[in-house]
Amino acid sequence: MPNSKHEKKKWKGKERKKGDVVMDNPRKDDIIIPVMGPTGVGKSTFINVLARHSSTLVGHDLESCTATIQHVAVHHPTDPKRRFVFVDTPGFEDTYVDDLEILRRVAVWLAHSYNDGVKLAGVIYLQEITQKRMRGATHKNHVMFTKLCGHLASQNVVLATTKWGQILEETGLRHEEELKSKFWKGMIDHGSKVARFQDTYESAWRIVDLIDPRSRSSSLIPLYIQEEMVDYQKLIPETDAGHSLCVTLQELVAAHKKTLAQLQNETHTQENEGLQLRLQEIEKQIRSSVVQIKQLEVRLPLGKRILSKLGFVRPGL
């Protein structure tokens, strides 16, 4: 991080686009908490329960879209003078928007906020307890979240499970233990807390109170991608999150090509409309991933592009 004695660098906003949702002119004493997690995990439900369905959209007349960032202002139930602003963020693997665009929207919001001096109280990350294994979109969202946060900011994170009403408690406990001992262990070791959202107003606010600055002594630490983009003046492809997404997409293309070859062999021995549709879908996914990979690579200078592929890009390079 740049020396605190020096003037903080100003974010140039090169990757911001017209129509991007950012948080303009928040109140000085607002307690700002992004809510993150995969698409369909229940982020909007969580915020609606907190607000008792009487939430206030802050700053924008927003369309109803899972890929759109929304700000929801809610006053604390026991202290109405304290206003929390929850940021409903889109998840990766969205039906209509590709992963690179999701990353760009979230990264722009975070960089803009940090550049304006807005400090996050912390982050709430939601994960479905019903899922037996962390794979596919769920795994991608988790990996991207850890890259966005970094180790230092983990102490200001609450990892909360959702949809307990859709699973036997005994099964849910096993899944929760696996999350804590395996997938979430690194973040827990760095100070993240674990909680359960039981679809109730009380359980939602218990989660928020774990992250409330007044209830803990830890400092308000920026997310790592905020430091990368503002303090180190990195473009998204140069960030840990951008590099991780590029690698994930490359692996996805390789896996899809393997599946595609297997299915093409099957088409030689049988004619099946469903099989043809599956082939077309995989080809479409490959094209989309390749386009995103090229976009991630073309934005880097040649030298950094080579170093990034080799994993040698470091803060400040």
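A residue counts as buried under 20% relative accessible area, as exposed over 50%, and as partly exposed in between (1.4 Å probe, protein chains only).

**Figure 1. Overview of the protein.** This is a predicted model, in which local features need pLDDT of at least 70 and side-chain atom pairs count only at pLDDT 80 or more, while totals for chains, interfaces and linings use all residues. Residues are numbered from 1 along each chain as its sequence is written, and side-chain values use heavy atoms, with hydrogens and water left out. Buried residues make up 49% of the 317 residues. The secondary structure comes to 10 helices and 7 strands. Helices (H or I, at least four residues) and strands (E, at least two) are DSSP runs, numbered from the N terminus. A contact means heavy atoms within 4.5 Å. Take the contacts with a separation of 6 or more: residues 24 or more positions apart account for 73% of them. The accessible surface comes to about 16500 Å². Carbon and sulfur atoms hold 50% of that surface. Accessible areas come from the Shrake-Rupley method with a 1.4 Å probe; for residues, only the protein chains shown count as cover.

**Figure 2. Helix α1 and its packing.** Helix α1 spans residues 43-51. Its buried residues are Lys43, Phe46, Ile47, Val49, Leu50 and Ala51. What do they pack against? The partners are strands β1 (31-36), β3 (70-76), β4 (79-88) and β5, together with helix α6 (201-211). Just after α1, Arg52 takes a positive phi of about 55 degrees.

Figure 3. Ser289 sits in helix α9 (residues 273-298). Its relative accessibility is 4%, so Ser289 counts as buried. Which residues does Ser289 touch, leaving aside its neighbours within four places in sequence? They are Leu249, Leu252 and Val253.

**Figure 4. The salt bridge between Asp30 and Arg83.** A salt bridge is a side-chain nitrogen of Lys or Arg within 4 Å of a carboxyl oxygen of Asp or Glu. By this rule the count comes to 12 salt bridges. In the one shown here, Asp30 pairs with Arg83, and the closest N and O atoms are 2.8 Å apart. Asp30 lies in the segment before β1 and Arg83 in strand β4, so the pair ties together parts that are 53 residues apart in sequence. Asp30 is buried, with a relative accessible area of 9%. Arg83 is buried too, at 12%.

**Figure 5. The salt bridge between Lys140 and Asp99.** The side chains of Lys140 and Asp99 meet at 2.5 Å, N to O. This pair links distant parts of the chain. Lys140 is in helix α3, Asp99 is in helix α2 (residues 99-115), and 41 residues separate them. Are these side chains buried or exposed? Lys140 is buried at 7% relative accessibility. Asp99 is buried at 6%.

Figure 6. Asp189 and Lys185 form a salt bridge of 2.9 Å, N to O. Both lie in helix α5 (residues 185-189). They are 4 residues apart, about one turn of the helix. An α-helix has 3.6 residues a turn, so residues three or four places apart point the same way. Asp189 is exposed, with a relative accessible area of 52%. Lys185 is partly exposed, at 40%.

**Figure 7. A network of salt bridges.** Which residues are linked in this network? They are Lys17, Asp20, Glu101, Arg104 and Arg105.

**Figure 8. A patch of positive charge on the surface.** Lys132, Arg133, Arg135 and Lys182 gather here. Patches are made of residues with over 30% relative accessible area and no salt bridge; like charges are joined within 9 Å, and nonpolar side chains (Val, Leu, Ile, Met, Phe, Trp, Tyr) within 5 Å. Lys and Arg count as positive and Asp and Glu as negative; His and the chain ends are not counted. The place of a charge is taken as NZ of Lys, CZ of Arg, CG of Asp or CD of Glu. Lys132 lies in the loop between β5 (123-128) and α3 (136-149). Lys132 is exposed, at 55% relative accessibility.

Figure 9. Most residues other than glycine have a negative phi. Asn25 is not a glycine, yet its phi is positive, about 50 degrees. Asn25 lies in the segment before β1 and is exposed, with a relative accessible area of 76%. Asp199 also has a positive phi, near 65 degrees. Asp199 is found in the loop between β7 (193-196) and α6. Asp199 is partly exposed, at 44%.
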